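I am opening my notebook on this model and will write down what I looked up, entry by entry.

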Amino acid sequence: DRPPLVLGLETSCDETGVALVRGYELLVDAVASSVEEHARFGGIIPEIASRAHLEAMVPTIERALAGAGVTLADVDAVAVTAGPGLVGPLTVGAAAAKALALALDRPLYGVNHVIGHAVVDELVHGPFPERVMALVVSGGHSSLLLLDDTVQVTELGSTLDDAAGEAFDKVGRLLGLPYPGGPHIDRLAREGDPDAIRFPRGLTAPKDQAAHAQDFSFSGLKTAVARWVEARQDAGEEIPLPDVAASFAAAVADVLVAKTLAACERHGVGTLVVGGGFSANSQLRDLLAQRCGEAGVELRIPPIRYCTDNGAMIAALGSAVVARGMAPSSLDLGVDSTMPL
Ligand code: KG4
Ligand code: ZN
């Protein structure tokens, strides 16, 4: 009566992720990345990513099977990211998953990448309580989700423009930092004064609280940083990079944490899960730890390798879906770059 063995494939961006999960147990998580091939372009080039997935897919699957000491015949179900993400990369993963499901005669489950970023935490910290709030923040998404019984998901809000990581990367570029700028800003910010410059907190004005209380907006903040920097440059002044970084990072963390904890209170939720590559951000982590402690909200953040894109998140969500007897996808499953929840 062991739970079924679920193979998860993730290819929504530049990471080829393959993982095997049984119940809540992660047997193996293999990943190949094309990130270095994109660095010189200052952003992900979808066609390069697609080709890299095509080349890495079978070797990564073989590595995962060997790591878990199983064969393809042991796989009971195949889960794959159906969206959101880049269409070309998603298509490579979906084609591989369909080929496996067809050849092995096993059910196929197309699942949502953003939900996977939250559910992967079950493999680390155990099953979720009945209701969980999830903040998923990365270069591609900034979403606030309410999870009931893990798989019944309501999107409470999301960014209206840039994702948190995307805002960091754009500000990184205007500060002349290497791509991706996020980790560089984080490092600089630790040496700066977060109160040096008062940057705007998007969608926190009273007028926004009605329609967009649970949404985010970071493009106005990015523009404010650009204006501030340009004004100093025009005046021939030196830019105090650590102070700019710290003040910018504080504005992002402030908004994310305030809105997320307000949502926890509004919906009576005592557990917060944070996922996505931006959850590596120190300013966000520090503020979350402090405010969750004050509010009595349990904070669950998986180790960073499970926050960035990986196969375990897809296998974890696949396992949760299979365990609840949900219907598999048909083999004509499509991919959806903007997949709603
Ligand atoms: O989840 P992820 O690896 O890829 C996406 O799906 O986007 O997230 C990467 C994003 C990038 O925008 C990167 O700059 C940002 O997360 N990031 C950070 C930090 N580490 C990664 N941003 C701020 N501080 C960090 N420590
Ligand atoms: Zn992601």
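I began with His 113, which is buried because 26 other C-beta atoms lie within 10 Å (buried means 20 or more other C-beta atoms within 10 Å of the residue's own, exposed 12 or fewer, partly exposed in between, with C-beta atoms placed from the backbone). The model is a predicted one, in which local features need pLDDT of at least 70 and side-chain atom pairs count only at pLDDT 80 or more, while totals for chains, interfaces and linings use all residues. Residues are numbered from 1 along each chain as its sequence is written, and chains are lettered from A and ligands numbered from 1 in the order in which they are written.

I placed His 113 in helix α4, residues 113-119 (helices are DSSP runs of H or I with at least four residues, strands runs of E with at least two, numbered from the N terminus). Setting aside residues up to four places away in sequence, I found His 113 touching Ser 12, Thr 81, Gly 83, Pro 84 and Gly 85 (contact means C-beta atoms, placed from the backbone, within 7 Å).

Next I looked up His 117, which also lies in helix α4 and is buried, with 33 other C-beta atoms within 10 Å. Beyond its neighbours within four places in sequence, His 117 contacts Val 136, Gly 275, Gly 276 and Met 313.

I then checked the record: an unreviewed UniProt entry lists His 113, His 117 and Asp 309 under "binding site" (positions follow the numbering used here, feature names are shortened, and annotations may be inferred rather than shown by experiment). These residues span 197 residues in sequence, yet no two of their C-alpha atoms are more than 8.7 Å apart, so they gather at one spot.

Methods
Contact = placed C-beta atoms within 7 Å.
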